[in-house]
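Q: I have a protein model open and want to learn to read it. Where do I start?

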Amino acid sequence: MATSGVSMTSLHAFQARFAAAIYGVPAGAMGTADERGLPLEKRMDVYRNNVFASLVDALASAFPVVEKLVGSDFFRAMAREFLRDHMPRSRTLIGFGEELPDFLAQFPPVGTLPYLADVARLELAWLRAYHAPNVAALGPADFSALPEDRVADLFLTLHPSVQFLSSAYPIWSIWQSHQRGYEGQKITHVSEAVLILRPDLVVEIHQTDDAVLRFVNVLAQGRALGEAVEAGTEAGNGGFDLPHVLSLFLRGGGFSSLRLPDKRN
């Protein structure tokens, strides 16, 4: 079989050098100038600028509230600083930007915005919910045959789209205030907890409390419903509303499977 003049080994080596040059490594190993005498570094700048501009645009699309909070010009400059050590490592942009919240928490120029990192975590959780696998969710009929005296023994699997987090800052209020058509009240400086569900493939962000997050966290650890209820009740000082929470999860597609162990076990 005939082969081209360029071996696969040399092609891969060229591609590796080209990618490294795009990421900022000097391109001298690929040559110095073209037939017109234009330095290779100048020609590579065109590719670099296009790549970085596209990645900055991707970050802005993924973190729109963060961009609004700091302004577009500042965000783009900040994103380029972020990209110095956080270029994409996969063939798709799904998951790109996962390090941004931790980056913001340590980035001195945004030190006067201590809530910014948690707002980014909220937007990242929204993305994770959006891109989660489309697994079938349980409905009320799936619970109809359960014996009432065994409900506490039930093991519920959270749907892959379920996300939850809490913050010392009003992250839900900040996020909500930057949505189109918002006409809410002035934001107060209080801690907030957030639960994210994805009914019918539409991501919803719910303001919640630590009692609900304790409940959800216990379920996420693979423990029984009774233990989760105890944790929620303890965190809510007796104010945990289980029927409301279960209704919210069923309407929001929050459970993907259930298991009732053999009573003998």
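Q: Which strands does α6 lie across?
A: First the terms: helices (H or I, at least four residues) and strands (E, at least two) are DSSP runs, numbered from the N terminus. Here α6 lies across β2, β3 and β4. Its direction runs at about 175 degrees to β2. Axes are lines fitted to C-alpha atoms, for helices over the stretch in contact, and angles run from 0 to 180 degrees between N-to-C directions. Helix α8 (residues 210-220) packs on the sheet too, touching β2, β3 and β4. The direction of α8 makes about 135 degrees with that of β2.

Q: What kind of model is this, and how are residues numbered?
A: This is a predicted model, in which local features need pLDDT of at least 70, side-chain atom pairs count only at pLDDT 80 or more, and totals for chains, interfaces and linings use all residues. Residues are numbered from 1 along each chain as its sequence is written, and side-chain values use heavy atoms, with hydrogens and water left out.

Q: What is the order of the strands in the sheet?
A: Two strands pair if DSSP finds at least two bridges between them. This open sheet of 3 strands has the order β2-β3-β4, with antiparallel pairing. β2 and β4 stand at the edges with a single partner strand each, so one side of each has no neighbour in the sheet. On average, neighbouring strands are turned by 20 degrees against each other, direction ignored.

Q: How many bridges join β2 and β3?
A: Strand β2 (residues 163-167) pairs with β3 over 5 bridges. L165 stands opposite V194 in β3. The bridge partner of Q163 is I196. β3 also pairs with β4 (residues 204-208) over 5 bridges, and there I196 stands opposite I205.

Q: Is β3 covered or open, and which way do its residues point?
A: Buried means under 20% relative accessible area, exposed over 50%, partly exposed in between (1.4 Å probe, protein chains only). In β3 (residues 192-197), 6 of 6 residues are buried. E192, V194 and I196 point one way, and A193, L195 and L197 the other.

Q: Why does H206 count as partly exposed?
A: H206 has a relative accessible area of 21%, so it counts as partly exposed. H206 is found in strand β4. A polar contact is a pair of N or O atoms within 3.5 Å; within protein, one must be able to donate a hydrogen and the other to accept it, and residues adjacent in sequence count only if both atoms are side-chain atoms.

Q: Is S173 buried or exposed?
A: S173 counts as buried, because its relative accessibility is 15%. S173 lies in helix α7. A polar contact of 2.6 Å joins its side chain to that of E192.

Q: Which residues have the most contacts inside the largest nonpolar core?
A: In soluble globular proteins, nonpolar side chains tend to be buried together. A nonpolar core is a set of buried Ala, Val, Leu, Ile, Met, Phe, Trp, Tyr and Cys residues joined through side-chain atoms within 4.5 Å. The largest here has 40 residues, and V66 and L104 have the most contacts inside it. The largest share, 9 residues, comes from α6. Apart from this core lies another, of 21 residues, including L154 and F240.

Q: Which residues does L104 contact?
A: Contact means heavy atoms within 4.5 Å. Leaving aside neighbours within four places in sequence, L104 is in contact with V66, M78, V110, L116, A117 and A120.
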